[in-house]
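Hi,

Here is the structure I promised to pass on.

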Amino acid sequence: MIVKTTKNYLETLLSYYEDEIMGEAYFYGLADHFDEREKLSLLAIVERRTAESILPLLEKYGLTPRAELELKALGEADVERHESFTWPELMSHMVKCYPGYLDDFIALEKMAPEEDLATLTILTDHEVAAIKFAEKELIGKADSLTPLHEFLVR
Ligand SMILES: [Fe+2]
């Protein structure tokens with residue numbers, strides 16, 4: 001039972017790391033299609049920082065992610081799903097769908113040993129920052145980037 005839980009934890013941890021690398025490529029790819037290029041680039045930077053932050057856990061468990069180039073290609077392949085969205089449509093998509101990732105991260109924390117929790121919180125924090133950003137964008141707040149900057153300077 002314990003072994004099974006641990007295996008699931010490790011596989012999920014690795015896949016979430018890879019998702020962040022894909023996410024970086026996804027946002028950089030989207031940046032080519034929107035006027036809000038700098039905002040999307042900042043989201044890409046947040047994704048990279050998140051991946052880097054949980055990398056020590058991969059090293060701790062001897063987990064090897066797929067090659068960066070492979071993950072980048074997968075992230076870029078996702079761009080076409082949203083490249084023709086308007087900016088408000090993209091922001092609405094984030095506000096609607098990203099809380100689902102929060103649920104995933106909370107489920108991961110439940111599987112995790114206690115000593116990993118401080119690191120895993122970064123996953124949750126970056127998603128909260130991205131959702132706050134999109135919510136502020138939707139209502140035209142000038143300080144929409146603040147949640148992302150605050151995440152990056154912590
Ligand atoms: Fe992410």
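**How the helices pack**

H6 and H7 are roughly antiparallel to each other, a label used for angles over 145 degrees, while angles under 35 count as roughly parallel, 65 to 115 as roughly perpendicular and the rest as oblique. Before going on, please note that this is a predicted model, in which local features need pLDDT of at least 70 and side-chain atom pairs count only at pLDDT 80 or more, though totals for chains, interfaces and linings use all residues. Residues are numbered from 1 along each chain as its sequence is written. The helices (H or I, at least four residues) are DSSP runs, numbered from the N terminus, as are strands (E, at least two).

Back to that pair: H6 and H7 pack at an angle of about 160 degrees, and their axes are 7 Å apart. The axes are lines fitted to C-alpha atoms, for helices over the stretch in contact, and the angles run from 0 to 180 degrees between N-to-C directions. On the H6 side, Asp-125, His-126, Ala-129, Lys-132 and Phe-133 meet Pro-147, Leu-148, Glu-150 and Phe-151 of H7; two residues are in contact if their C-beta atoms, placed from the backbone, lie within 7 Å.

**H6 by itself**

H6 covers residues 117-138, which is 22 residues. From first C-alpha to last H6 reaches 32 Å, close to the 32 Å expected at 1.5 Å a residue (the expected span is 1.5 Å times one less than the number of residues). Which residues of H6 are buried? They are Leu-120, Leu-123, His-126, Glu-127, Ala-129, Ala-130, Phe-133, Ala-134 and Glu-137. They sit on the same side of H6, because they cover an arc of only 165 degrees around the axis, the arc being that of the directions from the helix axis to the C-beta atoms. "Buried" stands for 20 or more other C-beta atoms within 10 Å of the residue's own, "exposed" for 12 or fewer, and "partly exposed" for anything in between, with C-beta atoms placed from the backbone. Leu-117 and Ala-118, on the other side of H6, are exposed. After H6 comes Gly-140, with a positive phi near 70 degrees.

H6 also has H5 (residues 87-111) as a partner: their axes come within 9 Å and cross at roughly 160 degrees, so H5 and H6 are roughly antiparallel too.

**H7 and its neighbours**

In H7, Pro-147, Leu-148 and Phe-151 are buried. Seen down the axis of H7, these fall within an arc of 100 degrees, so they line one face of the helix. That buried set packs against H2 and H6, whereas Glu-150 and Val-153 are exposed on the other side of H7.

As for H2 (residues 37-61), its axis comes within 10 Å of the axis of H7 (residues 146-153), and the two cross at roughly 30 degrees. H2 and H7 are therefore roughly parallel to each other. The contact involves Leu-42, Leu-43, Ile-45, Val-46 and Arg-49 of H2, along with Leu-148, Phe-151 and Leu-152 of H7.

**Two residues to look up**

Phe-151 is buried, with 22 other C-beta atoms within 10 Å. Leaving aside residues up to four places away in sequence, Phe-151 touches Val-46, Asp-125, His-126 and Ala-129. Phe-151 and Asp-125 are 26 residues apart in sequence and 7.3 Å apart in space, C-alpha to C-alpha.

Ile-45, in helix H2, is partly exposed, with 16 other C-beta atoms within 10 Å. Between Ile-45 and Leu-148 there are 9.3 Å in space, C-alpha to C-alpha, and they are 103 residues apart in sequence.

Cheers
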